[in-house]
Amino acid sequence: MSLSRYRGVYWPADLDMLQRVFDRLCYERRLAKKDRDQREFLAMEIFQVFDDGATDEADLLRTLSKRRGRLLEGHEFPN
């Protein structure tokens, strides 16, 4: 876990990495800019996983890729 930040406080390098993870997962999941609800849900999940201790880019991608199927269960997003 990064000692350079506290829960809910993010350094510019953290935000740059989180943006890369978000962009990559949006691309992989084919989420267009119009898929606002799905993109917002994904962003919340990324921050949650990061805050829970997965602070390495590869760990974030691996964890979120495994969670993909579970994340969408029980959630309905408008088209």
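User: What are we looking at, and how are residues numbered?
Analyst: It's a predicted model, so local features need pLDDT of at least 70 and side-chain atom pairs count only at pLDDT 80 or more, while totals for chains, interfaces and linings use all residues. Residues are numbered from 1 along each chain as its sequence is written, and side-chain values use heavy atoms, with hydrogens and water left out.

User: OK, how many helices and strands does the chain have?
Analyst: Three helices and zero strands. Helices (H or I, at least four residues) and strands (E, at least two) are DSSP runs, numbered from the N terminus. From that end, the order is α-α-α.

User: How much of the chain is buried?
Analyst: Buried residues are 34% of the 79 in the chain. Buried means under 20% relative accessible area, exposed means over 50%, and partly exposed is in between (1.4 Å probe, protein chains only).

User: Let's do H1. Where is it and how far does it reach?
Analyst: H1 covers residues 12-28, which is 17 residues, and it reaches 24 Å from first C-alpha to last. That is close to the 24 Å expected at 1.5 Å a residue; the expected span is 1.5 Å times one less than the number of residues.

User: And which H1 residues are buried?
Analyst: Asp-14, Met-17, Leu-18, Val-21, Phe-22, Leu-25 and Cys-26.

User: What comes after H1?
Analyst: Arg-30 does, with a positive phi near 55°. Arg-30 sits in the loop between H1 and H2 and isn't a glycine.

User: Is Arg-30 buried or exposed?
Analyst: Exposed, because its relative accessible area is 76%.

User: Now H2. What's its reach?
Analyst: H2 has 16 residues and spans 22 Å between its end C-alpha atoms, close to the 22 Å expected. Its buried residues include Arg-39, Leu-42, Glu-45 and Ile-46. Just after H2, Gly-53 has a positive phi of about 120°.

User: How do H1 and H2 cross?
Analyst: Their axes come within 10 Å and cross at roughly 135°. Axes are lines fitted to C-alpha atoms, for helices over the stretch in contact, and angles run from 0 to 180 degrees between N-to-C directions. H1 and H2 are therefore oblique to each other: under 35 degrees counts as roughly parallel, over 145 as roughly antiparallel, 65 to 115 as roughly perpendicular, and the rest as oblique.

User: Which residues make that contact?
Analyst: Among them are Leu-18, Val-21 and Phe-22 of H1, with Leu-42, Ile-46 and Phe-50 of H2. Contact means heavy atoms within 4.5 Å.

User: How many are nonpolar, polar or charged?
Analyst: 12 are nonpolar, none polar and two charged. Ala, Val, Leu, Ile, Met, Phe, Trp, Tyr, Cys and Pro count as nonpolar, Asp, Glu, Lys and Arg as charged, and the others, Gly among them, as polar.

User: What does Cys-26 touch?
Analyst: Leaving aside neighbours within four places in sequence, Cys-26 contacts Leu-31, Arg-39 and Leu-42. Cys-26 counts as buried because its relative accessibility is 4%.

User: Last one: where's Leu-60?
Analyst: In helix H3, residues 57-72. Leu-60 is buried, at 0% relative accessible area. Not counting residues up to four places away, its contacts include Met-17, Leu-18, Ile-46 and Phe-50.
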